[in-house]
Amino acid sequence: MAQGIIEALRRDHQEVRKMFARVEAASGKRRRELFQRLVAELVRHEVAEEEILRPVSKRDAGEAIANARIKEESQAEQLLKDMEKLDPGSAEFASKLARLRRDVERHAEAEETKEFPRVAKKETPQRLEQMGRAYQAAKRAAPTRPHPSTPNTPAANMLVGPFAAAADRARDAVRDALKSTS
Ligand SMILES: [Fe+2]
Ligand SMILES: [Fe+2]
């Protein structure tokens, strides 16, 4: 049975898991680029998930489960803010990256085991399909690069952020897109 949004979310989790492995295996300029790509994907996923899935999962899985996931997401966002000024080649960055990976993997697993099955059980296949389309549209509305306006200077190239601004931009873009379709 098609599960619409649930399938899309699980697929994205798999992709993010692979992206973490690629970043950890890379070095130098490539490591920074792959990390930026990972962050852009994470931000798009989490923002679209917050907007499309969470209002439904609050009802289907309950406030406690939904709010615990929201808390994990804002903790990951805070960690990204701490990472944005670090040199991706530094030991501090490596240790924060390992923490981020562990936290994001635990978060995805909690969603897949505690949250998604309850939504899948309570919503109709049609509704899950419709949510899947809304989720894809929300993702498309979010920027695919974390900071398109950053000047291409050596100093800017040293940094991986700013992600806080990227997350805000993604949220605004997704909300605008949803407003114009509703
Ligand atoms: Fe999430
Ligand atoms: Fe997720």
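**Entry 1: α1 against α5**

I looked up how α1 and α5 pack, and found an angle of about 170 degrees with the axes 11 Å apart, the axes being lines fitted to C-alpha atoms, for helices over the stretch in contact, with angles running from 0 to 180 degrees between N-to-C directions. The two helices, α1 and α5, are therefore roughly antiparallel, a label for angles over 145 degrees. I note that this is a predicted model, in which local features need pLDDT of at least 70 and side-chain atom pairs count only at pLDDT 80 or more, while totals for chains, interfaces and linings use all residues. Residues are numbered from 1 along each chain as its sequence is written, and chains are lettered from A and ligands numbered from 1 in the order in which they are written. Helices here are DSSP runs (H or I, at least four residues), numbered from the N terminus.

I then listed residues that meet across this pair, among them Ile 6, Leu 9 and Phe 20 in α1 and Leu 97, Val 104 and Phe 116 in α5; contact requires C-beta atoms, placed from the backbone, within 7 Å.

I checked the length of α5, which has 32 residues and reaches 46 Å from its first C-alpha to its last, close to the 46 Å expected at 1.5 Å a residue, the expected span being 1.5 Å times one less than the number of residues. I also found that α5 bends by about 40 degrees at Glu 115, with Pro 117 following within four residues; the bend is the angle between axes fitted to the seven residues ending there and the seven starting there.

Leu 97, in helix α5, is buried, with 20 other C-beta atoms within 10 Å (buried means 20 or more such atoms, exposed 12 or fewer, partly exposed in between). Leaving out residues up to four places away in sequence, Leu 97 touches Val 23 and Glu 24. The buried residues of α5 pack against α1, α3 (54–60) and α4.

Apart from neighbours within four places in sequence, His 45 is in contact with Asp 12 and Val 16.

Methods:
Contact = placed C-beta atoms within 7 Å. Parallel < 35°, antiparallel > 145°, perpendicular 65-115°, else oblique.
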